Every structure is written in structure tokens, then in C-alpha cells.
Amino acid sequence: MPAVGGFDKGTGKAYPGNLTPYVTVTCVVAAMGGLIFGYDIGISGGVTSMAPFLQKFFPSVYRKEALDKSTNQYCKFDSETLTLFTSSLYLAALLSSLVAATVTRKFGRKLSMLFGGLLFCAGAIINGAAKAVWMLIVGRILLGFGIGFANQSVPLYLSEMAPYKYRGALNIGFQLSITIGILVANILNYFFAKIKGGWGWRLSLGGAVVPALIITVGSLVLPDTPNSMIERGQHEGAKTKLRRIRGVDDVEEEFNDLVVASEASKLVEHPWRNLLQRKYRPHLTMAILIPFFQQLTGINVIMFYAPVLFKTIGFADDASLMSAVITGGVNVLATIVSIYGVDKWGRRFLFLEGGTQMLICQVIVATCIGVKFGVDGEPGALPKWYAIVVVLFICVYVSGFAWSWGPLGWLVPSEIFPLEIRSAAQSVNVSVNMFFTFIIAQIFLNMLCHMKFGLFLFFAFFVVVMSFFIYFFLPETKGIPIEEMAEVWKSHWFWSRYVNDGSYSGVELVKENYPVKNV
Ligand code: BGC
């Protein structure tokens, strides 16, 4: 029986090619697409804890918070209006990622990125200038549309551009820019909250224009991926581009495989319906479960609500925003570890190590909060060592996420889908991710109020389940050319029954019918 990791023989393919400066710069620019997503994740928590912002747009929330004499710390911030402000964006992102699938497939990855940047720009301007709640909401919806387009196209773009040996590292550039976006937003909130006159929130929200412009301009200067050019019939151009990207003349084998994959994808009339075919069962399962589990790590409780959470467990305003900056910094640094290790140690090792680390931290944090706050949420005086221990373990937890589920939640789906279903499957990945981001953002404060410190154990439970899932069901994809990925399922102990049941994959069908000569 094949190993649990599933893949223990090479595909025999080793396309020539180097990590050229051209491809590196290209991927760095494209990865900037993550900034807009990260900026938004990081900005909303801080803005919603700024009193002038609440007074202006959500006066009832403000009054409730100001008047609330209850000493139950767990329920202090429980307000659905407030969470709706944070979470509405993710619903818009969910919808637009579905539209983006068609744009990305028919018109190329670049155009989706351009749309992403432009919509995000518009949203940021409207939000920064908001005079009424409706402007905030319209702005949030536009931001969400922008994120849907960018998250659908950027990871695919990166995985297609990268030489397969460095695919992991270059793709994680996307996650790195998400984390940089979050950190920058946390730092800006910290300073803007101090602005006299209480209009700092305008700068926080309007500041999103900067990352939006970066990806808008970036998408105009970026080259198309060879895969996408072939998909749209531009074979000669694609071959020249591939030579340029790989820095070698001998790109014949890779090029031919790309053409074969593209022919296969043309046989597919209904990429969405196709996804439901038996042979794509492993892909569909991953497209749904990986983003689901990524959100069920509970990471966004920290990312969205770190300032609120830290306030809840007894930190002063300033210290809360500062602690959010600290966790944001840890998030960036740990992502760099992942860039270093992902193509060396493999995806499975990182997933399993990160899971174990998160689990241990969640149990410790739950215990710390449980011991001090009990079930009635009345902590009494909190000693300094206590605050330090909690922040420390939250940081260790964040680093565990940042070198495992964070980057891999985007990398693995983008590299496992065959071209014929790639855009559609990636949309499923983005929409499931956005849906659960929405759910967590929407119900976290309410869950904290009801489940109390047990909330951390709830997420810990899912971390156990997801680690078993990875152990048994996710094959290792490190070092496998993207168009050769079918092999990993064929030799997997479980998935082989779906992809090896005598049915030809699209690619094989084309190889039989249209042997590719030099095109
Ligand atoms: C996730 C986000 C999360 C971020 C934290 C991303 O991979 O999709 O939901 O907030 O990582 O760094």
C-alpha cells in the first residue's frame, strides 16, 4: 500500500528552468494582491474599537458599551451591528469570486487582478469619505468584490508562473503580503487612534487606497502566465514567454505539457458541473475542506478582534492595540519561516507541526482565561505575569498558524487543480474561505459571550480533526510539476479509488487523441 502521504515515486519529470530575476520580480508584484486582503482584515478590528467611529456610525453600540455596567467581561462587546460591519465584506467577496472564475478563465488572470485593484480603490475612497452608514456599507461591498477577484486570481497566477521547485516559496509571497497588510493596518490603527479630533478612522479606512493602487498598477505591468496565454490560443507568445520566465531555451517538454493540459481543459464545457465528476472528488474535497479548516483554526478571532479580545482579558486601550501589533509582527516573521521551509520540509510536515503547536497553545490559553475569569467572567485584579503568559501563547499560536494553515490554505488548493477545473475549483476555495471568515467574524463575539473560555477549546477540537485529516488524506505535493499532479492521487491509498477507476483524466484523453508535436 502506498505511504499515507500518498506519493512515493517521482513523476520522472524535471522541467529545466531557473529562479530568474524576471520571475521573482513578477511574483513579488503579483503577491502584492494579498495586501488588500490583509489590510482589511487588520483594519476593521481597530476601527471598531475607536470611540469616535462608533459614536458617528453606531451610536447605539457606543451607548451600550459606555453605559454597560455589567461586569461580565465575556459579553462586553457582543453586538451584531458591529460584527456585521466587519463581516459584510466577506459575503461580497464570496459572490465576486464566483464571477471572477469566468473572468480569470476567459480573459486571463491579469484582468481579474486589475478588477480587484480598481474595485478595492473605489471602496477605500468611499469608506474614507463616509458620511453615513450606507456609504460605509457600499464601500465595504466594493472592497469585498475587490478581494474576491484578487484572491481568486493571484494564487493561481503565482503557482503558474513559478518554476515547480520554487512554487511553494513564491506562492507564499501571497500570504506574506496578507500578513504585511494586517501588520501595517494594526500599526496605523495604533497611531491614527491617537489623532485629536477623532477622525483617525478616516485615514485607517481610506489608507486602503495605497495597497489598492499597488495591485492595480502591478496588474497592468505584469505579464500573462504561459498557461493562461495557451488557454486563450496564443501559443507562440506563450512559448517565448516561458523561455523568458524560465531563463532557458529548452522549454519544449513543459510547453508541450501545458498545451496538452490546455487542450484537455477545452474539452470541458462546464467547469462547474465537471467538478462534481467522480475523478475530481479529491480536488473538490480539498477545495472545500482546506479553507473550512483554515478558518476553524480560529485565527481570525485574533486577527479581527485582537484589540477587543485583549481588552476583554483586562488590557488597557493602548496596550490592546499594541498587543495586536505584536501578534501582527509574529505573523509576518513566521510566514517567512514557511517560505524558507515549504519546498524543503514539505506541506504535510508544516501542516502537522503547525496543528500540534496551535492545539497546545489553545489549551493553555483556555486554561489561563478559565482560571482567572471562571464562568461568570469576573476576573478581579489581573497580575502582570498573567497578561504576559496569555500574549506569549497567543503569539506562539499565531506563529504555528503562520507557517502552516495560513500559507498552505492558499498554496495547496492553487497547485492541485488540473487546468480544466482550476478556475472553478479555486472559486470554490475562495468562497468557502470567505463564507467561514464571515461566519466567524459574525458570531465570534456572541460565541465568546456564551462559550466563554470554552471557545478556545472549541477551535482546539477542530485543530485535532484537521490534523488527522491532513495525516490521512492529503498527499505531499512538494516538488511535483503542476501539470503532473494527477500522479499524487493515483498513488494515494484512499484517493486512488476515485482517480484510478479506469476513467481517463482529461489530460490523458487529449494525449491519446492529439499527440503534441512542437507547436
Ligand atoms: C487567512 C485569513 C487570515 C490570515 C492571517 C490567511 O491565510 O485566509 O483569514 O486572517 O491568513 O494571517
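This is a short tour of a predicted model, stop by stop, for you to follow in your viewer.

**The whole chain**

Start with everything shown as cartoon. You will see 25 helices and 0 strands. Now colour by burial: of the 519 residues, 61% count as buried. Among contacts with a separation of 6 or more, 83% join residues 24 or more positions apart.

**The largest core**

Next, select Phe 53, Trp 405 and Met 434. These residues have the most contacts inside the largest nonpolar core, which has 128 residues. Helix H21, residues 419-451, gives the most to this core, with 14 residues.

Now centre on Trp 405. Which residues is Trp 405 in contact with, leaving aside neighbours within four places in sequence? Show Ile 290, Phe 293, Gln 294, Thr 297, Phe 351, Met 358, Met 466 and Ile 470, and you have them.

Before moving on, select Met 229, Ile 230, Val 251 and Val 259. They are included in a second, separate core of 8 residues.

**Along helix H21**

Go back to helix H21 and pick out Met 447, which is found there. Is Met 447 buried or exposed? Met 447 has a relative accessible area of 13%, and because buried means under 20%, it counts as buried. Not counting residues up to four places away in sequence, Met 447 touches Lys 452, Leu 455 and Phe 458.

**A serine in helix H9**

Jump to helix H9, residues 200-206, and select Ser 204. Its relative accessibility is 0%, so Ser 204 counts as buried. Beyond its neighbours within four places in sequence, Ser 204 is in contact with Tyr 39, Ile 43, Val 47, Met 50, Asn 189 and Phe 192.

**Aromatic pairs**

Show the rings next: the whole structure holds 30 aromatic pairs. One of them is Phe 292 with Phe 293, a tilted pair at 5.4 Å centre to centre and 50° between the planes. Phe 292 is buried at 19% relative accessibility, and Phe 293 is buried at 5%.

Then try Trp 495 and Tyr 498, also a tilted pair, with 5.8 Å between centres and 50° between the planes. Both of these residues are buried.

**Charges over rings**

Two last selections to finish. Arg 244 lies over the face of Tyr 22, at 3.9 Å from the ring centre. Lys 56 lies over the face of Phe 57, at 5.6 Å from the ring centre.

Methods
Residues numbered from 1 in each chain as written. Predicted model: local features only at pLDDT ≥ 70, side-chain atom pairs only at ≥ 80, totals over all residues. Heavy atoms only, no water. Core = buried A, V, L, I, M, F, W, Y, C linked by side-chain atoms within 4.5 Å. Buried < 20%, exposed > 50% of the residue type's maximum accessible area, 1.4 Å probe, protein only. Helix = DSSP H or I, 4+ residues; strand = E, 2+ residues; numbered from the N terminus. Contact = heavy atoms within 4.5 Å. Phe/Tyr/Trp six-rings, centres within 6.5 Å; stacked < 30°, edge-to-face > 60°. Lys NZ or Arg CZ within 6 Å of the ring centre and 35° of its normal.
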